[in-house]
Amino acid sequence: MASDAEPGMEYATCTANDGCTLAFQTSLPVGAGATLDARYGTCTLLLHGFSGSSAYFTRNFAALSEDHWVVAPDMRGHGNSSRTRGGYHVARLATDLRSLITHLNESELNGDQKIQFVGVGCSIGAAVLWTYVELFGCSEFAGFVFVDQAPLQDRSPFGDWDASRAHLGCYDEATMQAAQRAWIYDSAATHAELVHACLGYRYAPDPETDDISDERWRSDEEFFTRISARCDQAWLAKLLADHTRYDHREAIEDISVPTLVMAGRRTGCFPLEGMKETVRRVETSRPGLARMSVFDSGHWLFYEEPERFNKEIIEFVDSCTT
């Protein structure tokens, strides 16, 4: 596991309340190697998307950890974390996040002071944070960043949640079950289709701005498909069902800390209107607390536009914690 860590990061583990081993990458030592360091006062938590791992943030770790502590977990069933027969629910993943936050606080890395966490949830990582707020509140967090995820993937008669807001390809029982079958029985092609939908230069190519070599095309696909292939595909298919049906709209209204929504103009996952809903919901009772930043890339905007992503995350973390 140690050799899997990105440059400047190291792997550590904690245990969930059901005994599952949760792996995470950290830019500062956790445990015996920890020394007095003011950076332990604030922690940027990077949460990857469906079928991903903390390796997704390979283009972000160095910049984000230069002056800040960064922790990026592998969700259960992903990356270097344990595989379990059950646990394929967003609420389970949120409870795992609770175990990680408790572990970091109990390590007393910040003396007797609680750590200020800023959660950065990408795709299903955003759903995990919304569920965390629903179950545990947001008192541990100084701010949230939600990256290219709408609060509900399904279309719904409640709140006129139609094709202008829901997921573009997985939005009802029929499309969800078709996606499940694809993940189980045609996983290699499905991993490649995921790359096509999530990288803006593939989903909505712009000949005037995109200059992507064949080598870059292949290396990007190999990078992401290799990560997806590490997961149990049937387990992922079950998680997909829960993720698709889960409606987070009301829970988002309970957020009481600064919120930044990032969206990709060329995403193959959601219409911009769906992602704007998070801003609207946060501001239901707290006008001015949330804002949106639209990137010129796709769902994996942190990978396609890392310099801009890193800059905006650093500025947001500083604004929330100083």
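Modeller: Accessible areas come from the Shrake-Rupley method with a 1.4 Å probe; for residues, only the protein chains shown count as cover. Here the chain exposes about 13300 Å². Carbon and sulfur atoms supply 48% of that area.

Colleague: What kind of model is this, and how are residues numbered?

Modeller: This is a predicted model: local features need pLDDT of at least 70, side-chain atom pairs count only at pLDDT 80 or more, and totals for chains, interfaces and linings use all residues. Residues are numbered from 1 along each chain as its sequence is written, and side-chain values use heavy atoms, with hydrogens and water left out.

Colleague: How many helices and strands does the chain have?

Modeller: Helices (H or I, at least four residues) and strands (E, at least two) are DSSP runs, numbered from the N terminus. The chain has twelve helices and eight strands.

Colleague: What does the radius of gyration say?

Modeller: The radius is taken over C-alpha atoms, and the globule rule is 2.2 Å times the number of residues to the power 0.38. For 322 residues, a compact globule would come near 20 Å; the chain has 18 Å, which agrees. Its C-alpha atoms fill a box of roughly 50 × 45 × 45 Å along the principal axes.

Colleague: At what angle do α2 and α3 cross?

Modeller: Axes are lines fitted to C-alpha atoms, for helices over the stretch in contact, and angles run from 0 to 180 degrees between N-to-C directions. Helix α2 (residues 90–106) and helix α3 (residues 124–136) have axes that come within 8 Å and cross at roughly 75°. So α2 is roughly perpendicular to α3 (under 35 degrees is roughly parallel, over 145 roughly antiparallel, 65 to 115 roughly perpendicular, the rest oblique).

Colleague: Which residues meet there?

Modeller: Contact means heavy atoms within 4.5 Å. Among them are Val90, Leu97 and Ile101 in α2, and Ile124, Tyr132 and Phe136 in α3.

Colleague: Is Asp148 buried or exposed?

Modeller: Buried means under 20% relative accessible area, exposed over 50%, partly exposed in between (1.4 Å probe, protein chains only). Asp148 has 0% relative accessibility, so Asp148 counts as buried. Asp148 lies in the loop between β6 (141–147) and α4 (173–185). Leaving aside neighbours within four places in sequence, its contacts include Ser123, Cys269 and His299.

Colleague: And where is His78 found?

Modeller: His78 sits in the loop between β4 (69–73) and α2. His78 is also buried, at 0% relative accessible area. Beyond neighbours within four places in sequence, His78 contacts residues including His48, Arg83, Cys231 and Trp235. Across the chain, buried residues make up 57% of the 322.
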